[in-house]
Amino acid sequence: MKLLCDKSLHELANKGVDVPTYRSEHHKPEIGIVHIGPGAFFRGHQAWYTHQALQSQGGDWSICAVSMRSTGVSDALTPQNGLYSLAQLDNKNSYQVVGSITEVLIATQQYKAVIERLSTSNTKFVTLTITEKGYCLNNEGHLDLTHSEIIQDLATAKESNSAQAITAVGILTNALAIRKAKGLAPFCIVSCDNITDNGKKLRAAVIQFAQAFDNDLADWLSKYLICPCTMVDSITPATDDSLRELIEEEFSIKDNWPIKRESFLQWIIEDCLPEDRPAWEEAGAVLTSDVEGFENAKLRLLNCPHSTLAYIGVLLGCETVFDAMQKPNLVAFIEKMVDEEIIPSFISPKELDAKAYSNEILERFRNPAIRHLLAQIAWDGSQKLPMRILPIIEQNLNDKRSIASLSGAIVAWFLFLRKRYIEKEELVDPLSDNLLKKVSLCNNDIEHDIQILCSIEQVFKPELAQNQHFIKSLQNKYKLMLPLLSEGDSTEVVFV
Ligand code: CS2
């Protein structure tokens, strides 16, 4: 079967497939955007918005996608000239070929090419989806200067700014130093990860990194670097072979790495973007000054329940979000947590009815066409919980509001860690060694085990870890939920 590439676009168009009209075998728009972390979410979201903007308004906004280490995306997409197919799976499925990516590089192997791409005048934007851990922040949200990779990058940066950096913050700062030396303005950096105040935190991290070896650079960045905050949303499970087969059936063409997602899509961007930019708004992106309200709503009403469903669902033996949503007592637990503890904890943007928004999210979780593995959502709990759950607990403790259900979510994560340890299954988390060492000490004594949980200092700030009300609430839930570890779904009263 033929492989998807520029040569096949004409044939696909003749078959009525929705293909890019702004590129061909002989012509492609200039690269104006570099994206770091070209995973499935990026390809279903920002790359799609840019594709739509190129389809409707054109411009030199094609994307150079940069993988930090893995060769997977480059191996898959380079033979396809960066093209890939997108399946929107919902009540009615739809398919299209996305063409906004025209180059794929690997930072560890093609470092010089990456830095050159980042320091050309054509490159005006850098977008990122590098997951929470990729920012190397501490649990205060500042650049973690004790992080081994940041220490290494600072050491090489002090030697010379062309020395190879291994972190995104290091690579960006080195490229910005070269732009300054060349008399070029900084590129605008758009963080697209599920982190509160993502743009602000990234901007501060880059300036803090620069301060460590070049104060002039840090001053220049403080004056000119723009990093809008964003809220990004679309449920995009990992690609599997059934999707590859589906695309071959649909297009009669082979795609090494197609993408699938739900039809729901949202991109809220702080309205401080440079004028000269892709027409993302034409594709539905929203520019606003109140990103924080939307961020809070999404992280608290989608990502918090998602993580909770993931940990309790895995303990109940469920595989996907859809499966977990078939458990009435688990759904009741989520709805109670939303109504009593989450919605009262933040101020919704005036345009958003929090309860209606939450109901819509639970409906999206019930989409049978989206096989979203709970195990994938369960990754990196030590990085996700401080963004999705702990801020709500801190707020509710402050406001003397219930934290009972949210404590249940934290306990479920702890039991999930214990299950991974007991069953010797891989724990995907940057702190996995430390976490497994902690849970190896558990002995089912409530007070003893909860003490171990609260001693995970990279996750729990000291003031929270010592909060007696929080500890008591965790102990109550642990007592109720501990049977899940040995009996899985056979028990009744576990979570409510
Ligand atoms: C999920 C998110 O894997 C996870 O942690 O909660 O990827 C979620 O699907 C997206 O944020 C939805 O926009």
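User: Which residues is F460 said to be in contact with, leaving aside its neighbours within four places in sequence, and what makes a contact?

Analyst: Contact means heavy atoms within 4.5 Å. On that basis F460 is in contact with N139, L390, I410, W413, L453, C454, A465 and F470. This is a predicted model, in which local features need pLDDT of at least 70, side-chain atom pairs count only at pLDDT 80 or more, and totals for chains, interfaces and linings use all residues. Residues are numbered from 1 along each chain as its sequence is written, and side-chain values use heavy atoms, with hydrogens and water left out.

User: Why are D6, S8, L9 and L12 of helix α1 called buried, and how do you know that they lie on the same side?

Analyst: Buried means under 20% relative accessible area, exposed over 50%, partly exposed in between (1.4 Å probe, protein chains only). D6, S8, L9 and L12 of α1 (residues 6-14) are therefore each under 20%. They cover an arc (directions from the helix axis to the C-beta atoms) of only 130°, which places them on the same side of α1. The face turned away from that buried side carries the exposed residues K7, H10 and N14.

User: What makes strands β8 and β10 a pair?

Analyst: Two strands (E runs of at least two residues in DSSP) pair if DSSP finds at least two bridges between them.

Notes
Helices (H or I, at least four residues) and strands (E, at least two) are DSSP runs, numbered from the N terminus.
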